[in-house]
Amino acid sequence: MKKNAAGRKVVLKAGGRARRFSVPTAADWPSVSSEMIHLIRPGTILAVQGDLGAGKTTFIQSLAAALGIKRFVPSPTFALMRAYKLPKAVNGIRRLVHVDAYRLKDESELQVLDLDEELVDGQTLLVLEWPERIAGWLGSRLKNVIHLNIN
Amino acid sequence: MVSPVKIFDFRPPTTKIRILGIETSCDETSVAILESVRAHGHAPLCESKIRLVHHETATQIPIHARFGGVVPEVAARTHVAELVSLLERAGIFGKGKRKFDVIAVTKGPGLATALRVGVEAARTLAWSSGAPIVGVNHLEGHMASAWLMPQNRRRWEFPILFLLVSGGHTELVLMRDYCSYKILGRTRDDAAGEAFDKTAKLLGLGYPGGPALSKTAEKGRPDAFKLPRPMLHDKSFDFSFSGLKTAVRVLVANLVRGTKNEVTILPDLCASIQAAIVDVLVAKTVAAAIESKPKAVAIVGGVSANRVLQAVLTKAVKTELPGVTLFAPPSGFYTDNAAMIAAAGLWRISQNRLDSWQKLDAEPELDI
């Protein structure tokens, strides 16, 4: 079934530059993750966009593994948010917060997530699925945002 | 004020005990008062007579009744307004108020801001009423939902293997005693309920469309389309459902390209998706039961309301696990509710596992 998703195109946009990757199978995500590691810092908001079944969670699982996280990284759709401690700091990052805006009906519901509070510790990387649902919040923090689009 | 020492020495004043349960871990706000009567102090817990004195979940009450016509924008998810209104409706304030002996509250896992509303309310009530407090794991609460059923309690013998399936959870947990658990397997990505809801969305059934998918599946053939059974032959008891979304996406795209009429094949698609999810859940549960040799298997959580899952599991337990009983919660107690939290609180009290209101805190990443 993984090969059915062949031809997946990934665009990574950071600091006004765009890079393109081809990710034919789920086993090819680690190459994107290892590239990503160099771009992320504490306070980075990694906005991962793509349709249902595009592979967003699978990519984030590969990124979490690259950051040394051993635990399962299940979908946060229902929980809205899950947090993970890194066993050892990577580029100063000690914590990964995985957020899913899929179930948010309205941007005002962001209050329950209190994302700004999650970022104040100066050691957190925020990975966000369905960023288009909270475009307003994201728009005011663009200088910290890295976009990853999966098609 | 109640000191930690006094809490440690706590014994119910009689063999009758009333527990105020509070649940706010994710979407639902719920309050319950559960009464347990034991024949004597040393009678087995499963022989308790249980009565729900009061039970209400916010989503089941019309909005105007909750807020008198004004609907606060964010309140539905922040729980504050709903919880205050539910506690008032439970009759625990004012003249002729209902009394309770212990407060049980969900402390995790869940959303930090949501959990904190329940925990802070419980701590305040504990401080003002002097009642002891007990923090409950939400997963343990779901397990206790099966215990709410009198005929299950009569046959309650350890170990019990739980399949906990909901929108946010898919876990196989072995319960060795009250408050003693072991996770045997869990989902590595999507929860079973999420797999239903998201494949339903891919089929244009809206979100969350799990129940609509099951309804449509009634008229379809479960073997009409070949869909993957992820991890079915993996030796672990873990699950993976995210690949099913991709498979359904590709299948739907090919069907549209092949100009097949999507409306007429929709029931077949739904039935095939449901079969793929149910097959994996049942096969893993049976495999875990063969290894862990439980006296009973219990299915709990929102997805346990699925009739096909109930039917296939019932048949599998009967044929493949002779002598093993199957438990399910009473209808209406599948999804998040405070009655199950109060019941799990009772389990913790019986093991003398009380908390102090000074120390109890929300634990969003709590495991079992």
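Mentor: Helices here are DSSP runs of H or I with at least four residues, strands are E runs of at least two, and both are numbered from the N terminus. This is a predicted model, where local features need pLDDT of at least 70 and side-chain atom pairs count only at pLDDT 80 or more, while totals for chains, interfaces and linings use all residues. Residues are numbered from 1 along each chain as its sequence is written, chains are lettered from A and ligands numbered from 1 in the order written, and side-chain values use heavy atoms, without hydrogens and water.

Trainee: How many residues does α5 of chain B have, and how far does it reach?

Mentor: Helix α5 of chain B covers residues 112–129, which is 18 residues, and reaches 25 Å from first C-alpha to last. That is close to the expected 26 Å, taken as 1.5 Å times one less than the number of residues.

Trainee: Which of its residues are buried?

Mentor: Among them are Leu115(B), Val117(B), Val119(B), Leu125(B) and also Arg123(B). Buried means under 20% relative accessible area, exposed over 50%, and partly exposed in between (1.4 Å probe, protein chains only).

Trainee: New topic: how many residues does each chain bring to the contact?

Mentor: Chain A gives 30 residues and chain B gives 30 residues, where contact means heavy atoms within 4.5 Å. There are 3 salt bridges between the two chains, each a side-chain nitrogen of Lys or Arg within 4 Å of a carboxyl oxygen of Asp or Glu.

Trainee: What does Asp27(B) pair with?

Mentor: Asp27(B) bridges to Arg103(A), with the closest N and O atoms 2.5 Å apart. Arg103(A) also touches Tyr207(B), as do Thr77(A) and Tyr102(A).

Notes:
Lists of a residue's contacts leave out its neighbours within four places in sequence.
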